[in-house]
Amino acid sequence: MEKFVIHGTGPLEGSVRISGAKNAALPIMCATILTKDKITLEDVPELKDVTLLTEVLRGLGVKIEHPEPNTYIFDASEITNTTTGADLMSKMRASFCVMGPLIGRMGRTENSLPGGCAIGTRPIDLHLKGFRALGCSVRTEHGMVCAKTDHLKGSTVYLDFPSVGATENIMMAAVLADGETTIDNAAMEPEIVDLSNFLNKMGAQVRGAGTSTIKIKGVKELHGCRHQIIPDRIEAGTYMVAVAATGGNINIENVITSHMRPVIAKLKEAGVEIYENGDTINVISNGTIESFDIKTLPYPGMPTDMQAQFMALATLAKGTSVIIETVFENRFMHVDELNRMGANIRIDGKNAIVQGVHKLRGGKVRATDLRCGAALVIAALTVDGKTEIEDIYHIERGYENLIEKLEGLGAHVVREG
Ligand code: EPZ
């Protein structure tokens, strides 16, 4: 089993360039199904999840070229299959976002129900509510969810929770429907806006992305385009929290700072110096962290995808920090692992109470999910000594060239096994 071996080397110094956003690239790759014309995507991060999704798309008949790193060309002129099986769906639930485009393009899809994962049951009721509102008959049987319609008709859908995936899936199903669709209480994440911009480049008429009400006027067909994926705000936040924890002075390049407001504000509260210079953020920390409180919320609140990383930081803060996770029901899997490194964290329902300690200690820990893994890397960078992190495939799903980027900041990370 592959693992990271990390030797804490003190303050981080240097520069790191942020890659394209995983959570923007995945739905946009699914949206290439919506046209027979060729699509070129740039700044696609080279991640396991991207590779898995190309397998899913190829299984549907999409031809994909990969002429150079971070560039992919999609040709969905012929969709030869509308079914995705359990094997690929179980590996990456984001492939569920092929449902909306397949319904939009083909009027049907049969997908294996996406599994839950370490952070929660990950239901899909809001996705199906949207498809039904657009005129699909939807049934789930034998672990499959099948949607079919002879006529996609625009409608109004209220999302009981501003689900990112449901907003994306419904948008992609609605762009070729007859008439107008309104999504109320839509997710407002920057990745939704990037998807909307991409769809509109293809000739769609999507308005209001980034607000809680999105209106989609159906069009007859969509055409090809070229699109550059936005930078990954969670990757950027992860490096910002890392230098806050180790101390040091780094420049983070290729960032959209307006996507980083909660992270920047919270780090400043914790005593970190942050200077914004266009698409570069300079982060300076003396390693002394004031305690802070976090409550995760849908965008523009504190991202749940930053919760684990901030918890790693809080373990070393002066005093007690309280972290409340409101988005997922089981996103504290990193607590046990951090406590094994000498942290002092107590869980009380949705709340984690983190009593700061002077130092963490090395040892053997395990990445239970993507952001838990990121939190453990941050914790390991602060340790005087060696830490081994197992199950690193979780981490490499979301962080492109992690070892090279950390080495560029003066860290010492080796992959073994
Ligand atoms: C996306 O997942 C991201 N993944 C997640 O990032 C992120 O944590 C999440 O949005 C929230 O921001 C991708 O974009 C590929 P949701 P998604 O639907 O779409 C409930 C990472 O670390 N819900 O917004 O699956 C659900 O149970 C990953 O990069 C329903 O109840 O998230 C959860 O409690 C992890 N019914 C909440 O909404 C539904 O039909 C948020 O889920 C759908 C969701």
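I looked up Asn-185 in the loop between strand S11 (180-184) and helix H7 (190-201); helices (H or I, at least four residues) and strands (E, at least two) are DSSP runs, numbered from the N terminus. The phi of Asn-185 is near 60°, a positive value in a residue other than glycine. I noted Asn-185 as partly exposed, because its relative accessibility is 24% (buried is under 20% relative accessible area, exposed over 50%, partly exposed in between, with a 1.4 Å probe and protein chains only).

The model is predicted: local features need pLDDT of at least 70 and side-chain atom pairs count only at pLDDT 80 or more, while totals for chains, interfaces and linings use all residues. Residues are numbered from 1 along each chain as its sequence is written, and side-chain values use heavy atoms, with hydrogens and water left out.

**Other backbone entries**

I went on to Asp-391, which has a positive phi of about 55° although it is not a glycine. Asp-391 is in the loop between strand S23 (386-390) and helix H13 (393-396), and it counts as buried because its relative accessibility is 9%. I also found a cis peptide bond between Tyr-299 and Pro-300, with omega about 10°. Pro-300 is in the loop between S18 and H10. For reference, most residues other than glycine have a negative phi, and most peptide bonds are trans.

**Helix H2**

Helix H2 (residues 48-59) has twelve residues and reaches 17 Å from its first C-alpha to its last. I set this beside the expected 16 Å at 1.5 Å a residue, to which it is close; the expected span is 1.5 Å times one less than the number of residues. The buried residues of H2 are Asp-49, Val-50, Leu-52, Leu-53, Thr-54, Val-56 and Leu-57. Their cover includes helix H1 (22-31), strand S4 (63-68), strand S5 (71-75), strand S6 (83-84) and helix H3 (86-91). Just after H2, Gly-61 takes a positive phi of about 110°.

**Aromatic pairs**

I counted two aromatic pairs (rings of Phe, Tyr and Trp, its six-membered ring, with centres within 6.5 Å; planes under 30 degrees apart are stacked, over 60 edge-to-face, the rest tilted). Phe-292 and Phe-310 form an edge-to-face pair, 5.7 Å centre to centre with 70° between the planes. The pair links distant parts of the chain, 18 residues apart: Phe-292 is in the loop between strand S17 (280-285) and strand S18 (294-295), and Phe-310 is in helix H10 (residues 307-314). Both Phe-292 and Phe-310 are buried.

**Leu-360**

Leu-360 is in the loop between strand S21 (351-355) and strand S22 (363-366). I noted Leu-360 as buried, because its relative accessible area is 6%. Leaving aside neighbours within four places in sequence, Leu-360 is in contact (heavy atoms within 4.5 Å) with residues including Thr-315, Leu-316, Met-341 and Val-383. Gly-385 is 25 residues from Leu-360 in sequence, and their C-alpha atoms are 10.0 Å apart.
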